[in-house]
Amino acid sequence: MLVNGVPWRPVQLAGNGWAVTIIDQTKLPHAFETVDLTTVEEAAHAIRAMLVRGAPLIGATAAYGVALAMRADPSDDNLAAAIEMLRKTRPTAVNLFWALERMRAALHNRSVEERAGAAYAAAADLADEDAAMNEAIGEHGLEIIRGIAAKKPGETVNILTHCNAGWLATVDWGTALSPIYKAHDDGIDVHVWVDETRPRNQGASLTAWELGAHGVPLTVVVDNAGGHLMQHGQVDMVITGTDRTTRRGDVCNKIGTYLKALAAKDNGVPFYVALPGPTIDWQVADGVAEIPIEERHADEVGRISGRTESGEIVTIDVLPENAKAGNPAFDVTPARLVTGLITERGVAPATEEGLLSLYPEKNNG
Ligand SMILES: CSC[C@@H](O)[C@@H](O)C(=O)COP(=O)(O)O
């Protein structure tokens, strides 16, 4: 996507051809700052501290982290150590583990002389594939939006989304936002309700920033507004991303997604989830019982950052002293609440049969 007319990916090779440039997403929307990662430790820190975030982007950054490690020391021991370090950064997005296993498979048979070059090539392939998959998700999702638009000619299509599943969360296009970009570019009158997405405000800070930069009309709402908007006919569909989708179609996404799905069910609003194939964890069936949910630091709940009128970025406390805060970062929406899964291969019902119809090579039963 373009930033001030310049094409950007949230992870890309630096001008020197070997460092890895990321956008520091903790600074958005107030400042667009980039950071050059030069070591695997820096890549691990960027994922853990959420300078980069979003399931596909976490995977792509980890892949480049392995490349940085191989440039420094291409030994077997260092390959294993780099993968182990990166595996521990965040527990929920399965794209991280998928990307690391793909890097291991691409490199374990390579000689140490070949490893660094092969690692950069494998990371670049993975990144390009992510961008292509997300663009395809956009095309399939566009058909759904077209269908809704056709039923209300001359009226706005109102779409609610949670967290940030746009181009900032991927290598390009995004997952949930990709169909919205396609619809907007196609001339469909779309408007997006953007959940602010406490505690880190990925909706208010990132989704609003990137949709706004592309000219897509949006309104930021507090996380609890969605049910009310749906009751009053102001939401035509919900689209979210996912960090891990089980083989039977349960979806794990940013905390609060489940409540939106319940409200959508109660109000007859279609609830779609957009994802590339690597976000499916074929080993897992029951998302509630089996997906590890990241518990993040209580400070994310107890503090809020923002910009003062004078332009200074400040962090303030919002809790009484000594109040305990809990911070589960994701929740699981059971498949029965999901209208459809929008993938790069098409749209499937959220069932094992539905997913296997799109990914028949995963059918080993
Ligand atoms: C295309 S991104 C899908 C998900 O990763 C996204 O919706 C999300 O929940 C991101 O969470 P985050 O904690 O910001 O990494």
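Reader: An open sheet has three strands with antiparallel pairing; what is their order?
Author: This is a predicted model: local features need pLDDT of at least 70, side-chain atom pairs count only at pLDDT 80 or more, and totals for chains, interfaces and linings use all residues. Strands (E, at least two residues) and helices (H or I, at least four) are DSSP runs, numbered from the N terminus. Two strands pair if DSSP finds at least two bridges between them. On that basis the order in this open sheet is β3-β4-β5.

Reader: Which strands are the edge strands?
Author: Residues are numbered from 1 along each chain as its sequence is written. An edge strand of this sheet pairs on one side only. That applies to β3 (11-13) and β5 (34-37).

Reader: By what angle are neighbouring strands of this sheet turned against each other on average?
Author: Axes are lines fitted to C-alpha atoms, for helices over the stretch in contact, and angles run from 0 to 180 degrees between N-to-C directions. For this average, direction is ignored. The value is 30°.

Reader: Which residue in β5 stands opposite Val-20?
Author: Strand β4 covers residues 20-23 and pairs with β5. The sense is antiparallel, over four bridges. Opposite Val-20 stands Leu-37.

Reader: What packs on the sheet, touching β3, β4 and β5?
Author: Contact means that the C-beta atoms of two residues, placed from the backbone, lie within 7 Å. The packing element's direction makes about 30° with that of β3. The element is α2.

Reader: Into which domains is the protein chain divided?
Author: Domain bounds come from an automatic or database domain assignment. The division gives domain 1 (2-129) and domain 2 (138-362).

Reader: How many residues does each domain bring to the contact?
Author: The centres of the domains, taken over C-alpha atoms, are separated by 24 Å. The contact takes 22 residues from domain 1, and from domain 2 it takes 27 residues.

Reader: Which element gives the most to the side of domain 1 that touches domain 2?
Author: Elements that give two or more residues to this side are α2 and α4 (94-107). The top contribution is five residues. It comes from α2.

Reader: In the open sheet of four strands, what is the order?
Author: The pairing is mixed. Within the sheet, β11 and β16 run antiparallel, joined by four bridges. Val-251 stands opposite Thr-333 in β16. The order is β13-β10-β11-β16.

Reader: Which helix lies across β11 and β16?
Author: The helix covers residues 257-266. Its angle to β16 is about 30°. The helix is α9.
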